[in-house]
Amino acid sequence: MRADRVFAYGAAAGLLGDLLLGDPRRGHPVAAFGRAAAAVERVLWRDDRARGALHTAVCAGGAVALGAVAARVVRTSPAASLALTGAATWAVVGSTSLAREARAVGRALEAGDVEGARARLPHLCGRDPQALDADGIARAVVESVAENTSDAVVGALVWGAVGGVPGLLGFRAVNTLDAMVGHRSPKYLRYGWASARLDDVAGWPGARLTAVLATLAGDDPRGAVRAWRADAAAHPSPNAGPVEASFAGALGVRLGGTLSYGGRVEHRPVLNGNGRAVGIHDVERAVRLSKRVSWLALGVCVAARRIAKGRTS
């Protein structure tokens with residue numbers, strides 16, 4: 001079986017597995033990687049960029065090497081290659097968990113249980129929930145759904161199309177390292193620099209594809225394009241900016257503004273300033289848009305890999 005077909009069938013099976021099974025409650029491969037990365041950090045940590053770069057190279061490089069070895073072991077068996085690709089895709093994407101956590105917060109808000117929503121929000125993002133009212137929580141959920149559609153689904157599919165199983169595992173490793181050490185806290189300002197910059201690079205293509213697909217799949221394509229062009233560049237993240245701006249325009253809502261994250265207050269630019277304030281019902285709308293974008297991304301990545309294969313054969 002050709003490599004492009006292995007990716008197509010395997011990635012589709014992995015997304016279906018995520019849809020049907022979600023993430024395992026125990027023993028998730030990403031959690032196992034996180035524990036291994038934390039163990040490496042305990043050995044290497046110094047307030048130094050070079051040590052942080054070594055940490056990134058060891059952990060991300062190890063994930064890529066593991067994927068390459070596994071792919072090589074099964075390369076003579078189409079069925080095993082397809083199964084490995086499906087398992088890797090299921091392990092690295094998080095569409096179902098993202099939707100489940102977003103909807104759990106949304107249900108709490110619909111029931112008027114703001115404290116319950118605050119308690120649930122840390123499962124989805126790193127905002128300080130005590131600083132948020134119901135509308136602020138809803139906005140945080142929509143922003144998190146937008147950003148994680150790129151980070152937890154589309155970006156992985158893009159790198160899977162480029163590099164197969166090593167690409168899938170490598171992207172998730174880089175994204176996980178950024179979440180662990182890439183934030184600008186005093187401890188990780190230098191040590192996490194390499195992880196944060198590598199995540200910016202790895203996330204660039206997936207973020208742009210996410211923004212394009214959100215524009216096409218949303219309720220207001222013109223509004224999404226307008227918000228993307230006008231506001232994305234002002235966002236502190238080069239990848240979250242296009243994604244959140246396009247989601248804001250597609251949904252017709254206003255995102256950004258003041259937030260509290262990791263014990264510090266940030267004043268982020270407003271995205272789609274002509275939109276209305278986020279309402280509780282927009283949580284479900286954002287989840288549905290995320291689902292559409294995820295499946296469209298699979299189609300685009302499969303088609304791109306087949307075209308690339310055809311040109312090289």
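The axes of helix α5 (residues 95–110) and α7 come within 10 Å of each other and cross at roughly 175 degrees, which makes α5 roughly antiparallel to α7, a label given to angles over 145 degrees. The model is a predicted one, in which local features need pLDDT of at least 70 and side-chain atom pairs count only at pLDDT 80 or more, while totals for chains, interfaces and linings use all residues. Residues are numbered from 1 along each chain as its sequence is written, and side-chain values use heavy atoms, with hydrogens and water left out. Axes here are lines fitted to C-alpha atoms, for helices over the stretch in contact, and the angles run from 0 to 180 degrees between N-to-C directions; helices themselves are DSSP runs (H or I, at least four residues), numbered from the N terminus.

Helix α7 (residues 134–181) also packs against helix α10 (residues 240–251), at an angle of about 125 degrees and with the axes 9 Å apart. On the α7 side, Val142, Glu143, Ala146, Glu147, Thr149 and Ser150 meet Ala240, Val243, Glu244, Phe247 and Leu251 in α10, where contact means heavy atoms within 4.5 Å. The residues of this contact of α7 with α10 divide into 6 nonpolar, 2 polar and 3 charged; Ala, Val, Leu, Ile, Met, Phe, Trp, Tyr, Cys and Pro count as nonpolar, Asp, Glu, Lys and Arg as charged, and the others, Gly among them, as polar.

Which residues does Ala146 contact, leaving aside its neighbours within four places in sequence? Ala146, whose place is in helix α7, is in contact with Val243, Glu244 and Phe247 once those neighbours are set aside. Ala146 is buried, with a relative accessible area of 0%, buried being under 20% relative accessible area (1.4 Å probe, protein chains only). The C-alpha atoms of Ala146 and Pro205, which lie 59 residues apart along the chain, are separated by 15 Å.

Turning to helix α1 (residues 3–21), its 19 residues reach 26 Å from the first C-alpha to the last, close to the 27 Å expected at 1.5 Å a residue, the expected span being 1.5 Å times one less than the number of residues. The buried residues of α1 include Val6, Phe7, Ala11 and Leu15, and also Asp4 and Asp18. After α1 comes Gly22, whose phi is positive, near 65 degrees.

Notes:
Helices (H or I, at least four residues) and strands (E, at least two) are DSSP runs, numbered from the N terminus. Buried means under 20% relative accessible area, exposed over 50%, partly exposed in between (1.4 Å probe, protein chains only). Angles under 35 degrees count as roughly parallel, over 145 as roughly antiparallel, 65 to 115 as roughly perpendicular and the rest as oblique.
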